[in-house]
Amino acid sequence: MAKIELLFGGPIAHDEEISVENYAYNWDVSIETAVIRKFKSWISYLSSKSDDKDNTFFELLLFIGINQMLKLPKITSGTYGHNGFVLPKIIIHGDHGVDKKTGNTVLLTESCLNIIGNNFEDEIGYEYFEYRQIAPADRLLVTQ
């Protein structure tokens, strides 16, 4: 199964910057560690069911953008390296959603992914850079 990674930077919202700094101070960790831990906390919280109809925050973001309610694959957080820094990412464990009305599978397009990334940036305050799709090992072409 393919995975999709949405790549982020640090917090750009003032409130989140202060929250990260306080976390770093209170837990005696680096700002980089605080950013990763706070981001992970956000993803864990927002991936849980958020309303009485079992819609997650991410599914609701997508509904607002495309007017289609999809059941999304599992969403977790992770990290990636860029220019010597460790930065946070969202990992979507699959590249299709399921329409909650029809049951049809729907490909998560570039537009869908950017809706999630850009709206997460707007709502939570971490800078969204881009997404990348990671093919499963059985789909990789091996050359010799």
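Glu5 is buried, with a relative accessible area of 8%; here buried means under 20%, exposed means over 50%, and partly exposed lies in between (1.4 Å probe, protein chains only). The model is a predicted one, so local features need pLDDT of at least 70 and side-chain atom pairs count only at pLDDT 80 or more, while totals for chains, interfaces and linings use all residues. Residues are numbered from 1 along each chain as its sequence is written, and side-chain values use heavy atoms, with hydrogens and water left out.

What does the structure hold by way of salt bridges? There are three of them, a salt bridge being a side-chain nitrogen of Lys or Arg within 4 Å of a carboxyl oxygen of Asp or Glu. In one, Glu5 meets Lys89 at 2.7 Å, N to O. Glu5 sits in strand β1 (residues 3-11) and Lys89 in strand β4, so this pair ties together parts that are 84 residues apart in sequence. Helices (H or I, at least four residues) and strands (E, at least two) are DSSP runs, numbered from the N terminus. Lys89, like Glu5, is buried.

Glu5 also forms a salt bridge with Arg132, again with the closest N and O atoms 2.7 Å apart. Since Arg132 belongs to strand β7 (residues 126-134) and Glu5 to β1, the parts tied together here are 127 residues apart in sequence. Arg132 is partly exposed, at 35% relative accessibility.

Next come Lys100 and Glu59, whose side chains meet in a salt bridge of 3.0 Å, N to O. Lys100 is in the loop between β5 and β6, and Glu59 is in helix α3, 41 residues away. Lys100 counts as partly exposed at 34%, whereas Glu59 is buried at 2%. As for shared partners, salt bridges join Glu5, Lys89 and Arg132 into one network.

Turning to the strands, three of them form an open antiparallel sheet in the order β2-β5-β6. The edges are β2 (70-71) and β6 (105-107), each with a single partner strand, so one side of each has no neighbour in the sheet. Two strands count as paired if DSSP finds at least two bridges between them; β5 (residues 96-99) and β6 have three. Gly97 has Val106 in β6 as its bridge partner.

Finally, there is the backbone angle phi. Most residues other than glycine have a negative phi. Asp54, though not a glycine, has a positive phi of about 65°. Asp54 lies in the loop between α2 (31-47) and α3 (57-66), and is partly exposed at 44% relative accessibility. Asn83 is not a glycine either, yet has a positive phi of about 50°. Asn83 is found in the loop between β3 (75-82) and β4 (85-92) and is exposed, at 65%.
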